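Take a look at the protein below. Then read on for a short tour of its parts.

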Amino acid sequence: MPVYQGSCHCGNVRFSFHAPEIVEGVRCNCSICEKKGAMMGNFVVDPSDIDIQVSDDFLATYEFATHIAKHHFCKQCGIYTFHQALRKPGHYRVHLGCVDGVDVLALPYELIDGASL
Ligand SMILES: [Zn+2]
């Protein structure tokens, strides 16, 4: 599997991960994804397949409702980089807009009906 590199806008949160070739994304209509407007990967990354490098404790975590999903973002620039998935706790779903070399606005995507789950 290829290795991808990603970062938030200011660069205080950097990550690299192994994933299948990125040719499609997912969007979701749940309460938080609708507000983020993010294009996520259509795969989840095993914790052993992601390397997260954060300077000076800049990674913040937002939780709500069941507190199972962990929505991570950079404290400095506010960008959502990845989250730990609700349906696969401890595994990561990444924001493709943060991934180097991915033309996120050109990717086809599937819409997940997270609002009904
Ligand atoms: Zn940042």
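This report covers a metal site, some cysteines and the pairing of strands.

## The model

This is a predicted model. Residue numbers start from 1 along each chain.

## The zinc site

Which residues hold the zinc ion? The protein donors are C8, C10, C74 and C77. Each one donates through its SG atom. These atoms lie 2.2 to 2.3 Å from the zinc ion. The site is tetrahedral, with angles of 106 to 115 degrees among the 4 donor atoms.

Along the chain, the donors follow the spacing C-x1-C-x63-C-x2-C. C8 sits in the loop between β1 (3–7) and β2 (13–18), while C74 belongs to strand β7, so this pair ties together parts that are 66 residues apart in sequence. Both C8 and C74 are buried.

How many disulfides does a search of the whole structure find? The count is 0. A disulfide needs two cysteine sulfur atoms within 2.5 Å.

Take C28. Its closest cysteine sulfur is in C30, at 3.9 Å, and that is too far for a bond. C28 is buried, with a relative accessible area of 12%. Now take C33. Its closest cysteine sulfur is also in C30, at 3.7 Å, again too far for a bond. C33 is buried as well, at 11% relative accessibility.

Strands β6 and β7 (residues 70–74) run antiparallel and are joined by 4 bridges. Here A60 stands opposite F73 in β7.

## Strand β3 and its partners

Strand β3 (residues 25–28) pairs with strand β4 (residues 40–41). They run in the antiparallel sense, over 2 bridges. Strand β3 also pairs with strand β10 (residues 109–112). There the two strands run parallel, joined by 4 bridges.

Where do both pairings meet in one residue? Look at V26: M40 in β4 stands opposite V26, and E110 in β10 is a bridge partner of V26 too.

Methods
Predicted model: local features only at pLDDT ≥ 70, side-chain atom pairs only at ≥ 80, totals over all residues. Heavy atoms only, no water. Pairing = 2+ DSSP bridges. Donors = N, O, S within 2.8 Å, 3.2 Å for Na, K, Ca; no water. Tetrahedral: all angles 85-135°; square planar, octahedral: opposite > 155°, others 65-115°. Buried < 20%, exposed > 50% of the residue type's maximum accessible area, 1.4 Å probe, protein only.
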